[in-house]
Amino acid sequence: MTKVSAVPEHLFRYSDACTKGAEQLQTWVRNVLAPALTAYQNGGGFCQPIDGDIAKQVAAAYYTDRDVRTVGQAFLQAGGVLVRGRNQPIFSNNGAIDKAFKQLAKAAAHQGQINAGAALAKRLMNAKPIEVTVIIRELAKHGSDPYFSAGFYNNLDERHIETAMAQGGIQALVSAYSSGVLDKKVYEAVNTRLARPIPAVRFAVNLDDHYMTAAQKMAFLDGIAANPVAAHNFANSLSQSQLRALFEGPMSKEPLWRGKLTGVLSAGIPTWPGGAQPPSDSPDLSYELWFAGYLPYPSVDPDGSKYSREQDAVLSWVELHRDIILREARRRNIDPKAIVAAIAWEGIVNNWQPFPSPIPPNVPAPLGRHAIGPGKVHIDTSVVKQIEERRYLPHRGLFEREAILATPEGSIEYIAAIMGAMADVTDREGHHGSIRHRPEILSDLFQGRDLKNWEERLGKKPPHEAFKPGNDMGKWTAQNGSFLNDALRLWEGQQPTSPPATRMPGTAPKPPLW
């Protein structure tokens, strides 16, 4: 996976100019060239009927130029830039751009349906209370069309999303979840509204508002659970704080709520056994994996008899995030068990911290917040700065980095980048063999070193001297091989290969060996 950049405004201007030119050329071929060729042939001359081929080529150019605009939109969607000046480049990775491009292309292919849904949403946004029921009935007629439904919900604000759900639009929303083109703002609104308490009193000022009942919220979960694609998208839309709000908030008092919520997660993670339910007791885990206790027993220990309660919770968490772990391990060409080891050790062994520090990370030590997220990556340490300086990851400010590390995907990305950089340094030194498939060494280095002191240590280490783990994380990794093997057992055969297939970035003083 490589870093890419673009200025979306430049792409938009190019696409607009070239697409218009292609349209004009199509018109000329159709209205001028084709009739001229036909007249020439009818007059007795001979000419190859090339007008059809020309039209096809012009059409291909038209669609290519139109796709340039879609690429620009993909950069805006995937770049994650909160504040940027006009005509400034956006940096991202090619995988994120490709994912965004495919989503936008899918939406473009169904734009008519999406526009029709958007038009109905506009009617709802401007409707009088007496008109709402009629509009929702119209929505129900298109409830099995995921793109119409997505166009409808994408164009509502949070209040009207709940209105639509409360008045009979649940089936359409489930359908929209399966489309793959639902906006993030809809996921956020739905997750927020699901977690909210059911109002006991409705004041006169908000009689036009409609609130979902507990039964309607559970009906929504039932509908999502019955649609594996929708369930997968729902599971992926939940942040850690939203999971906590759903599992521990006011709705958790409903007797069936947690079971139905777990059923949705199980449907969205197909390796979990159907109908799996969470264990009845809570594990003793560090704050960053607290919600893992609500997940079903993992597929590798479905009855909880093989491992401790804490280990099973971590295995379930790994199963939930396996795609991200494998993606980042392949990207950095390291053993994915090393990533699992770092997260598991911090959650199970280094579990003294029940909640994240509320002190901002810019407060000097020892009071400031040092680490956050799965694996407890330190927010402002030398190794994190080094991997950004060496372009393994984009350079980020302190609070932007903190927000990224607080997420499972962000933490996994940084853990893999640190371990991959350590492996690159070792490969470049060249006298001690590869550590890419040595999770006990990778986890040891993750916990105890930065890139510069590892380079210095390798320079002093006798050639071909064996690597041995020296700190608690590395030793724990070496002692828990069976647990780590089970963590990745379901997708055996997808381990990265060695040597690296592609060059990784780096600025080590010695030239890389590729």
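Buried means under 20% relative accessible area. Keep that cut-off in mind and select arginine 401. Its relative accessible area is 4%, so arginine 401 is buried. Arginine 401 and glutamate 388 form a salt bridge, with their closest N and O atoms 2.9 Å apart. Arginine 401 belongs to helix α18 and glutamate 388 to helix α17, so this pair ties together parts that are 13 residues apart in sequence.

**Confidence check**

This is a predicted model. Colour the chain by pLDDT before you go further. The mean pLDDT of the protein is 78, and 67% of its residues reach 70 or more. Select residues 80-84, where the pLDDT is below 50. Beyond near neighbours in sequence, this stretch has 5 contacts in the model. Next select residues 490-514. Here, too, the pLDDT is below 50, and the stretch has 58 contacts beyond near neighbours in sequence. Where pLDDT is low, the predicted coordinates should not be read in detail.

How many salt bridges does the count come to? The count is 21 salt bridges. Select lysine 260 and aspartate 222. They form a salt bridge, and their closest N and O atoms are 2.9 Å apart. Lysine 260 sits in helix α13 and aspartate 222 in helix α10, so to follow the pair you link distant parts of the chain, 38 residues apart. Lysine 260 is partly exposed, at 23% relative accessible area. Aspartate 222 also counts as partly exposed, at 37%.

Move to lysine 337 and aspartate 335. Are these two buried or exposed? Lysine 337 is buried, with a relative accessible area of 15%. Aspartate 335 is buried too, at 5%. The two form a salt bridge, and the closest N and O atoms are 3.2 Å apart.

**Two positive phi angles**

Most residues other than glycine have a negative phi. Two stops go the other way. Select asparagine 333, in the loop between α15 (322-332) and α16 (336-348). Its phi is near 55°, a positive value. Asparagine 333 is buried, with a relative accessible area of 7%.

Now jump to arginine 391. Look for it in the loop between α17 (382-389) and α18 (398-405). Arginine 391 is not a glycine, yet its phi is positive, about 70°. With a relative accessible area of 67%, arginine 391 is exposed.

**A crossing of helices**

Show α16 together with helix α22 (residues 472-479). They pack at an angle of about 110°, and their axes are 10 Å apart. Angles of 65 to 115 degrees count as roughly perpendicular, and α16 and α22 are therefore roughly perpendicular to each other. Which residues make the contact? From α16, select Ala341, Ala342, Ala344, Trp345 and Glu346. From α22, select Asp472, Met473, Trp476 and Thr477.

**An enclosed helix**

Select helix α20 (residues 439-448). Here 8 of the 10 residues are buried, so α20 is largely enclosed by the rest of the structure. Show the side chains of the buried residues: Pro439, Glu440, Ile441, Leu442, Ser443, Asp444, Leu445 and Phe446. What covers them? The cover includes α16, β4 (377-378), α19, α21 (451-460) and α22.

Step over to α19, which spans residues 408-429, and pick aspartate 427 within it. At 18% relative accessibility, aspartate 427 counts as buried. A polar contact of 2.8 Å joins the side chains of aspartate 427 and arginine 436.

**Last stop**

Select helix α11 (residues 228-237). Its buried residues are Ala230, Ala231, Asn233, Phe234, Ala235 and Ser237. Now bring in the surroundings. The elements covering these buried residues include α8 (170-177), α9 (184-195), α10 (214-225), α12 (240-248) and α13 (257-268).

Note on methods:
Residues numbered from 1 in each chain as written. Predicted model: local features only at pLDDT ≥ 70, side-chain atom pairs only at ≥ 80, totals over all residues. Heavy atoms only, no water. Helix = DSSP H or I, 4+ residues; strand = E, 2+ residues; numbered from the N terminus. Buried < 20%, exposed > 50% of the residue type's maximum accessible area, 1.4 Å probe, protein only. Polar contact = N/O pair within 3.5 Å; in protein donor to acceptor, adjacent residues only side chain to side chain. pLDDT = per-residue confidence, 0-100. Contact = heavy atoms within 4.5 Å. Salt bridge = Lys/Arg side-chain N within 4 Å of Asp/Glu carboxyl O. Axes fitted to C-alpha atoms, helices over the stretch in contact; angles between N-to-C directions. Parallel < 35°, antiparallel > 145°, perpendicular 65-115°, else oblique.
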